[in-house]
Amino acid sequence: MILSALLVLVAGAAAAPLLYRWMGARAGWVLALLPLVLFLALAARLPDIADGRPIAERTPWIPSLGIDLAFRIDGLALLFLLVILGIGALILLYGSGYLKGHPLQGRFFGYLLLFMIAMCGMVSADNTILLFVFWELTGIASYLLIGFYHEDAKARSSALQALLVTFLGGQALLAGLVLLSIATGGSFSLSETLEQREQVTAHPWYPAILLLILFGAFTKSAQFPFHFWLPGAMSAPAPVSAYLHSATMVNAGIFLMARMAPALAGTELWRGLATTAGVATMLAGALLAYPQADLKKLLAYSTVSALGTMILLLGLDTVLAVKAAMLFFLVHALYKGALFMAAGTVDHETGTRDVRVLSGLAKAMPLTTAAAVGAGLSMCGLPPLVGFISKELLYEAKLAAPYIGPAVTAAGVAANVLMVAVGLIVAFRPFHGTLNHTPKPPHEGKWTLWLPPLTLALLGILFGLAPGLIDRGLIAPAVSAVRAQETEVTLKLWHGINSVLMLSIATVATGFVVFRLRHRARPAAERIAQSGPGSLGPARLYEWLLEGMVQCAKFLTHTLQHGSLRGYVGVAVSVMVAVTGAALLRVWSPAALVWDFSDLRPYEGVLLIAMIAGAVFAALSNSRLAAIASLGIVGFGVALVFGMYGAPDLALTQLLVETLTLVILVLVIYRLPRIASRSTPRQQIADAILALSAGAVITVLLLIAQNLHPEPVLRDYFVQNSLEAKGRNVVNVILVDFRALDTLGEITVLAAAALGVGGLIWLRPRRKQPEGGES
Amino acid sequence: MGSALAITIGVLFAVSIYLLLRRSLAKVIFGLMLFGQGVNLLIFSAGKMVRYRAPIIPPDATTPPAPYADPLPQALILTAIVIGFGILSFSVALIYRAYRSRGTDDLETEEETR
């Protein structure tokens, strides 16, 4: 069922461009039905899964390697799937309105569905290799989506950046998963691996496995210092940002950590790495978000901060913290999705995203305002929104953390204060006050532009007022899956007056003050960004590395592929001389070198001297015909040697081929200019030294080789089995029977060469090109 | 004949490499040709060399009467001769074509040495 559901989505992705051609932007409405139906079907299975009966299926894929198309939907997968599919349906709807009229909108729907498939496959995979495949597929799909405005160079480089950074993590993840599989006895089954916690954490490779897998998770989830790709991904159209940053892409790392927690968590190393990365990212994201003026940048950096919070919670590794993480994932997906879409609508209808310009849109865009304010309140953590419950739980989990409770709580409060300020900047500033002049006169968007964000914002209010809707049915099964034990979750809006509530009130109050100070913060932040330390970020390091790699590749290519035949031959021969010469020196002894001319018959000596003379004359002569004639002496001499030493087939073939070759040479050579001596004497001497040393190495090699008599195993085999292959001429039998495939290959090469020769001689460019260049 | 043949093969290699390093297209063709001859002889002399005893099974026997020449290098060389011919004809056509379109048979003109 899961595999077929994925295939339905694949069909939808493939049909998207056609559907778009047929019914225009409304294709998005039809395509949105696909995830919506799947969403409802899954929601119907919710009670089953909450009772601990996951949906599982398995189709063999590469059985010999233990790689199956195995899927398993437990509480954790279900939570992610519902968010991916539910928000995905809304995004498709939103995208139909936002990109209306864009010529490539059909392709856009296809990419979006592809991305959805990758995410769904990843969260429901029950095989580590399958999980990795879908993991990388999300990277590819996000590349296509982020670079959707492909005519924009910024979008292209941002897409590439996201791809490279997350692929780097992907490689680490693959290595980690393979090590994990070896450490647990060779199985790639995820559910089996997760049950072997003791074995994994006690294994000597555990630190390596954990580091590699967490590296994958941290790069995907934009943890400091890999956070820089995420704001760059803002070059994508608003629906893409809303989808990637709220529900999908960046949460893949969170999912991976939660998924692997049953096997990998519970150690000091896990806690240390994840809390450090989480706190650093949470604070860095919040600090970077606050001074921004672009709506999307504000939201992007606040996403970085939220991701840090989730990693931190998973790193705290307590039941309470996991509860908080799961709830915060849902809450964040709802409000961030709504805010990104609202920001997109504002951009779409006013032509700007600059919060310094935007003001007083509430009257012109009431429904978008409602969506943004609803989501913004959830972001700030105000009652009665679900964001309030989430923040209370966050503080509770941080306060209760062993040893480091006070420190992470302080960091969390600081980040949240800034988040409140950012929430106010994003969700109130553009809509409150008097109307400003904007590039386009502001007006409310079409229903597809306000309905999706408003739906998400209303869900935030609904879940806040009635947390019973999600606690036992949705959050508890997810927490149970992460903790690998049954866990009760009961959420309440009102906890009474306690220290957590006090922290919440203090946070909001301070956040409001910080919000009022934003005008002073911006110039200061700009100064820091332009001064020394600001220009030395990880983004610069990335650029530097990328540029360095390209330069290095260029240098190597130019050095190795310089296009000079002399250079290539020179290098090849020098290496041959050096390597073979060194090997010969190691076995060298005067005894190994046996000069033996005793059995040389006189006529053989004459023949060999004639061949040597022919070769040398061909090299020195400047007359073309004389050179060819002396080459002929060498060629026919070789044929005679073959004939004298029991190789009549070779002698015949050599005679024929030599004759043919000489005829061809004579025909062609007179169409070439006379042979001219072009090299300087110095060059000639250098070449001659190289050539002579190569010749000497070959001669010595042969002299030594002739005295070794290895067992002629192959020869005996061929000779003894020749009759069985119905032939008495052993050479012929080898060619047409034992090694018939080689001969077939030989014929093919010859045919290709003949075609090439024909093409070179008879095909001409239609017109002569001025620079003499032809392709 | 071993030692004398080894010297001959060494000379063929030396001369062909020297020719391959020339700038004139025609000399490069000659070098290519000689190189092929040298390699074939090299393979040939690596096997056991026996005079006038081809590895052919007489009608009344099941194996050739010993001693006989090693058939395996012969089979390899037979393939090599034919392939070598293919390479040579293609190179000749290519070189001719290159000369026609570039107008020079010098392998190292200014534009080429980047």
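# A tour of the predicted model

Start by selecting A:Asp317, which counts as buried at 12% relative accessibility (buried means under 20% relative accessible area, exposed over 50%, partly exposed in between, with a 1.4 Å probe and protein chains only). This is a predicted model, in which local features need pLDDT of at least 70 and side-chain atom pairs count only at pLDDT 80 or more, while totals for chains, interfaces and linings use all residues. Residues are numbered from 1 along each chain as its sequence is written, chains are lettered from A and ligands numbered from 1 in the order in which they are written, and side-chain values use heavy atoms, with hydrogens and water left out.

**Around A:Asp317**

A:Asp317 sits in the loop between helix H15 (295–316) and H16 of chain A; helices (H or I, at least four residues) and strands (E, at least two) are DSSP runs, numbered from the N terminus. The phi of A:Asp317 is positive, about 65°, although this residue is not a glycine. Most residues other than glycine have a negative phi, and most peptide bonds are trans.

**Helix H16 and the cores**

Next, select residues 319–350 of chain A, which form helix H16. Of the 32 residues in H16(A), 29 are buried, so the helix is mostly covered. Its 32 residues should span 46 Å at 1.5 Å a residue, and the end C-alpha atoms are 46 Å apart, which agrees; the expected span is 1.5 Å times one less than the number of residues. After H16(A) comes A:Gly351, with a positive phi near 85°.

Now colour the largest nonpolar core, which has 192 residues. Such a core is a set of buried Ala, Val, Leu, Ile, Met, Phe, Trp, Tyr and Cys residues joined through side-chain atoms within 4.5 Å. A:Leu264 and A:Met326 have the most contacts inside this core, and H16 of chain A gives the most to it, with 20 residues. A second, separate core of 78 residues includes A:Met611, A:Phe642, B:Ile29 and B:Ile81.

Which residues does A:Met326 touch, not counting those up to four places away in sequence? They are A:Leu76, A:Leu79, A:Ala258, A:Ile475, A:Ala478, A:Val479 and A:Val482; contact means heavy atoms within 4.5 Å.

**Two helices side by side**

Show helix H1 (residues 2–23) and helix H5 (residues 105–124) of chain A, which pack at an angle of about 170° with their axes 7 Å apart. Axes are lines fitted to C-alpha atoms, for helices over the stretch in contact, and angles run from 0 to 180 degrees between N-to-C directions. H1(A) and H5(A) are therefore roughly antiparallel to each other (angles under 35 degrees count as roughly parallel, over 145 as roughly antiparallel, 65 to 115 as roughly perpendicular and the rest as oblique). Among the residues that meet are A:Leu6 and A:Tyr20 in H1(A) and A:Phe109 and A:Leu113 in H5(A).

**A buried threonine**

Go to A:Thr138 in helix H6 (residues 128–146) of chain A. A:Thr138 is buried, with a relative accessible area of 0%. Residues touching A:Thr138 include A:Phe115, A:Lys220 and A:Met249.

**Loops to inspect**

The peptide bond from A:Phe224 to A:Pro225 is cis, with omega near 5°. A:Pro225 belongs to the loop between helix H10 (206–220) and helix H11 (229–232) of chain A. Another cis bond, from A:Pro383 to A:Pro384, also has omega near 5°; A:Pro384 is in the loop between helix H17 (366–380) and helix H18 (386–399) of chain A.

Finish in chain B at B:Tyr52, in the loop between helix H2 (25–46) and helix H3 (71–102). B:Tyr52 has a positive phi of about 55° although it is not a glycine, and is partly exposed, with a relative accessible area of 45%.
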